[in-house]
Amino acid sequence: MNRINVNLEKNSYEVLIGKNISKYLFREIEKGEFYKNIFFAIDTNVNKNHPEVIDNLVNSDKYKSNKITLKLNEYSKSYSSVEKIHSALLTKGYGRDSLLVSIGGGIIGDVAGFAAATFTRGIQYINLPTTLLAAVDSSVGGKTGINFSGAKNIVGSFHQPKLVLIDTKFLYTLPKDEVVCGFGEIVKYAFLSEEKFYTYLLKNINDDFSLKESSLLRFINESVQYKSDVVSKDEKESGIRKLLNLGHTFAHAIEVDQNHKIKHGQAVIAGLNCMLNLSLQLDLLTPERFKRYSLLINKFVSEIKIKKYDAANMYKIMLKDKKNRDGKIKFVLMKKVGEILLDVEAEKKEVITAIHNGLKIFC
Ligand SMILES: NC(=O)c1ccc[n+]([C@@H]2O[C@H](COP(=O)([O-])OP(=O)(O)OC[C@H]3O[C@@H](n4cnc5c(N)ncnc54)[C@H](O)[C@@H]3O)[C@@H](O)[C@H]2O)c1
């Protein structure tokens, strides 16, 4: 089992990574300064696919323990789902000395994290991610929140977990498209981090996206290590944490323009391709590097379909992004793997061209 530390002074926590490690949850709870009134928020698909693991976790005779199972999507990543968790907590008599544990993907993690951040002004929270996307990205960093009025993640809070426990056993029951989504964020980390990891990923990503434990562990460890380092330096995204938005300005616009018919991780891959195209147009990326980085993106072409898109609408959506300042879209672009530029501005015409060039391989 590997342990990665997210160093945030009094909000510091560990990320544990390994196979079959969810059984160590209670050992970690005993070791840490955790409350023992535990409430589980569990994704219904995980509950169905891993009944034994879930039963062993939930049916503790040592602690107060209750659970709610939730079937969520981007539309129900909403106040009403937060309300369900809050109501269950109240009904079952939980107070400020409670520990909320989410077991599921990025959606339940964001919703349960926000419920934990707001219940009695904040209770303890542990994240057990069960999708590849949540394992490599969303479970670490403390961003929690919900969608509201058509805007993604517009209501939320920074609320760091007390522990993240990544058990790779969960990941083997994921449908292929969810594995592909996880790879979307892994590709982002390969672009952000260093050439060695980029080359490793390019070589070791299976054509059918099947998972092999040894390379899977490396993908997760590298991604989480990168994210933890960045979050440790900039907890609330006032500076370098913006790096993590590589490809995401485009990705969020794609998701909204496609009415959430495309999954977040798939939109990230398409968004990363728009980012590469904009970086090329602005002469940040050489044509040789662009070609080399396209090799990785091209592996996903058969997995992502965009039927129709409206580039002008996407531009409008990007203008509304909560990360903008002074009414200008600020892009995260790249010169090469590991050499990233923040807050780059571009002409509307250039952005629209990047959208067309970035999306045409998926149409
Ligand atoms: N907080 C952050 O920093 C952050 C970062 C990236 C993404 N996100 C958010 O994450 C969300 C996407 O998360 P996601 O891709 O994990 O989607 P998700 O939570 O919807 O999970 C995808 C699907 O997989 C199923 N599932 C989960 N675990 C499973 C398992 N082990 N076996 C079989 N099926 C399983 C779920 O039921 C669901 O149908 C988006 O809302 C995005 O905004 C947040």
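**View 1. The largest cavity of this predicted model holds about 70 Å³ of space.** This is a predicted model in which local features need pLDDT of at least 70 and side-chain atom pairs count only at pLDDT 80 or more, while totals for chains, interfaces and linings use all residues. Residues are numbered from 1 along each chain as its sequence is written, and side-chain values use heavy atoms, without hydrogens and water. A cavity is a set of points, on a 1 Å grid over the protein atoms alone, where a 1.4 Å probe fits but cannot get out; lining residues have an atom within 4 Å of a point. Its volume is the space filled by probe spheres set on the points, which are joined across faces, edges and corners.

**View 2. Here is the lining of the largest cavity, with helix 5 giving the largest share, 3 residues.** Among the 13 lining residues, Gly-109, Tyr-125, Asn-127, Ser-138 and Lys-143 are closest to the centre. Strand 6 (124-129) and strand 7 (143-148) each supply at least two; helices (H or I, at least four residues) and strands (E, at least two) are DSSP runs numbered from the N terminus.

**View 3. Step back, and the ligand lies between domain 1 (2-173) and domain 2 (176-362), because both give residues to its shell.** These domain bounds come from an automatic or database domain assignment.

Key: On a 1 Å grid over the protein atoms alone, a cavity is a set of points where a 1.4 Å probe fits but cannot get out, and a pocket is an open set with protein on both sides within 12 Å along at least five of seven lines; lining residues have an atom within 4 Å of a point.
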